[in-house]
Amino acid sequence: MLSNHLQNGIETAKSVWSQIPKYEEEEEDGEGVGVGLLSSSDKRRAFVESLDYEVIENYAYREEQAQRGKLYVGYYVAVKWLFALLIGIGTGLAAVFINISVENFAGWKFSLTFAIIQKSYVAGFVVYILINLALVFSSVFIITNFAPAAAGSGIPEIKGYLNGIDVHGILLFRTLIGKIFGSIGSVGGGLALGKEGPLVHTGACIASLLGQGGSTHYHLSSRWLQFFKSDRDRRDLVTCGCAAGVAAAFRAPVGGVLFALEEVTSWWRSQLMWRVFFTSAVVAVVVRTAMGWCKNENCGHFGSGGFIIWDVSGGQEDYSFVELLPMAVIGVIGGLLGALFNQLTLYLSFWRRNYLHKKGKRVQIIEACLISILTSVISFGLPLLRTCSPCPASSPDSGIECPRPPGMYGNYVNFYCSKDKEYNDLATIFFNTQDDAIRNLFSAKTIHEFSAQSLLTFLVMFYTLAVLTFGTAVPAGQFVPGIMIGSTYGRLVGMFVVNKYTTLNVEEGTYALLGAASFLGGSMRMTVSLCVIMVEITNNLKLLPLIMLVLLISKAVGDAFNEGLYEEQARMKGIPLLESRPKYEMRQMSAKEACGNQKVVSLPRIVKVADVVSILRTNKHNGFPVIDHTRSGEPLVIGLVIRSHLLVLLQSKVDFQHTPLPYDNRVGSRSLRHNFSEFVKPVSTKGISIEDIHLSSDDLEMYIDLAPFLNPSPYVVPEDMSLTKVYNLFRQLGLRHIFVVPRASQVIGLITRKDLLIEDSEDSGNVELQSTSVRAQHQDRSMLTGNVETERPLLSGLLS
């Protein structure tokens, strides 16, 4: 029954692939995606655009590479490491600022509320609601009026960016500001969400802004930072930012590296691994330094925590074989509840995007405020209905203080209790910050602190609040709510095990930890990175095998019903992710079948300016094959020119010519009219559009030779290649376009492994390469010479 409902939900999500919020439709109108092989039915994804991760090896690029020596290569690598350092410092400082602000707002809120409830619980209730409402209102107001792209966790959008999809607005300076201050308001306001997901988005924004030299719109840019101007380099920086965000959020540097590798990136290499690891290490140092400074009471209410967020090292030392069954049950529960959470949030997000949020900003603000009031009423009101329990007997050296005032760090909170030596177990987890509530649930040597009734009540109510809160117009992460939910039912299972196996040394907090891991695995479907993160934040390596067990089970159970949380949300938002594995149906399809009967829009080598303008105005394709003719008159595909490069040529006008004659590549001065950086689209804007270009009637009658500006070596596949191989090639290389051509008529050579092994010779100006040819003629070929003229024209042999 559940499986049928979940499957129907998946089909519903597929039917609304393209639905996007109103503000995105207005901002992104006219943007396209893909190559000139897409049909008009793909207009529904028009708010996204593919990124050019492939190197466009035109003349400008080749001249720039020829002018660079070994000294520049060393400088280039050094600058990458410098940027990794800056990303780590920036993300660490942003995380410290968010944490200090949230802890201080929460501390002031609980301190004031507790001072008031000593006289009147009604007055304290009103003050508690108003403070939460003010914080949440500030968050939703910032998001709806200043930075709409900062809503949500941002991880699906960043995952799409690293997958090759550019969603406009997700890496802007205002998005960074909205994410930081919006997270402070939403988390400090007590909503059922966390700051960990937004910190990943924050790190990505910091990395992107550093990569482009700052924000030109707000006049906060520096020319010396404007070094990385290609999408490939920016992709590496954003990857470092994502890892830095996780490292700062959980104080788990190794977990941050693995999160970037497992969850968000589609392309990875060993050099990037080192820089990501270095960035995470820098974040750890920054956070550690800040926390050491805060321990001297320099940060207000913040400073009592440590680098390990929830230390369970003093808990259960070992486990027995009979405990594996209840632990496996925890994994199954986590998979079921995680899959249900994904489906419920998908239904609710679909309804919000298509009905509720289309009614305007005012409705989004009212919705968030109503959820804030509901959350405050439940977290304050439900503990009032709970009967207090007597404090347990404890020795003076046990470190257990009972009772404690509300909002203070520790267990056994005294809330609406008639006697001094009593505590309210429901208030211990409800009327508290989420970090402190999780610390209480994970705590060791606190058997029977929580009753089953209180844990069930909290599980149902907090699960409901988490589902309702997800998708509101505030920055929202799901890591901490997931840990809260999982640790609750994990502790319930632990209570059963304690009562069932009285002879074993069992800690309920251990099962709470396993429950938290199981729910995150069942919802987000992470395994390796999540396992390491849980070990780092709990400081208990002995539980590693158990965490691995529950993660594998919960992920397997969740995968039986639907996809992970981020994949479901990305699909619902219309972000066309290419997953790591192609669909099974692609095995039976060829590249030609995937193209269908769509007409390819191509350009001649010598093209009239009026024709270029007409083509750019009448379609939204981003890539155009360029066709020339051989001496015998046969058509020949000589390369690919992309839309943004054509727009640069039209705007500059310096390459316009009066006659339709080929460009003379022997005249070196012509090729220097354009720098390679001129063809790079700014990351913070949509770039030039055809409507921004004004041409006179005389300009329209002139011609452009596209040969110097096209990519002469695009990736090409035969028409009968299976779509599975095309998919793997496209995703693994991070491509934007692939040409589908008929079967080749001849073979001019065969490259093997040894052809790719370049050996340095004594002459540093030449690098020799052994070649294997089907003609069986082995000869040495000199490559990478210092002569620019011999390196420049790949097409000269065909077009001369």
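In this predicted model, the side chains of arginine 352 and glutamate 367 meet in a salt bridge, with N and O 2.3 Å apart, where a salt bridge is a side-chain nitrogen of Lys or Arg within 4 Å of a carboxyl oxygen of Asp or Glu. Arginine 352 belongs to helix H12 (residues 324-356) and glutamate 367 to helix H13 (residues 361-384), so the pair ties together parts that are 15 residues apart in sequence. Helices (H or I, at least four residues) and strands (E, at least two) are DSSP runs, numbered from the N terminus.

**Basis of the values**
- Residues are numbered from 1 along each chain as its sequence is written, and side-chain values use heavy atoms, with hydrogens and water left out.
- Because the model is predicted, local features need pLDDT of at least 70 and side-chain atom pairs count only at pLDDT 80 or more, whereas totals for chains, interfaces and linings use all residues.

- Aspartate 231 forms a salt bridge with arginine 234, their closest N and O atoms being 3.9 Å apart, and both residues lie in helix H9 (residues 231-250), three residues apart, or about one turn of the helix.
- Within that pair, aspartate 231 is buried with a relative accessible area of 14%, and arginine 234 is buried at 7%.
- Arginine 439 and aspartate 436 meet through their side chains in a salt bridge of 2.5 Å, N to O, and both are found in helix H15 (residues 434-442), three residues apart, about one turn of the helix.
- Arginine 439 has 16% relative accessibility and counts as buried, as does aspartate 436 at 12%.

**Network and total count**
- Salt bridges that share partners join Lys159, Glu263 and Glu567 into one network.
- By the salt-bridge rule, the count comes to 22.

**The chain as a whole**
- The secondary structure of the protein chain comprises 29 helices and 16 strands, and buried residues make up 55% of its 800 residues.
- Of the contacts (heavy atoms within 4.5 Å) between residues at least 6 apart in sequence, 77% join residues at least 24 apart.
- The accessible surface of the protein chain comes to about 35400 Å², of which 59% belongs to carbon and sulfur atoms, with areas from the Shrake-Rupley method and a 1.4 Å probe; for residues, only the protein chains shown count as cover.

Notes: Buried means under 20% relative accessible area, exposed over 50%, partly exposed in between (1.4 Å probe, protein chains only).
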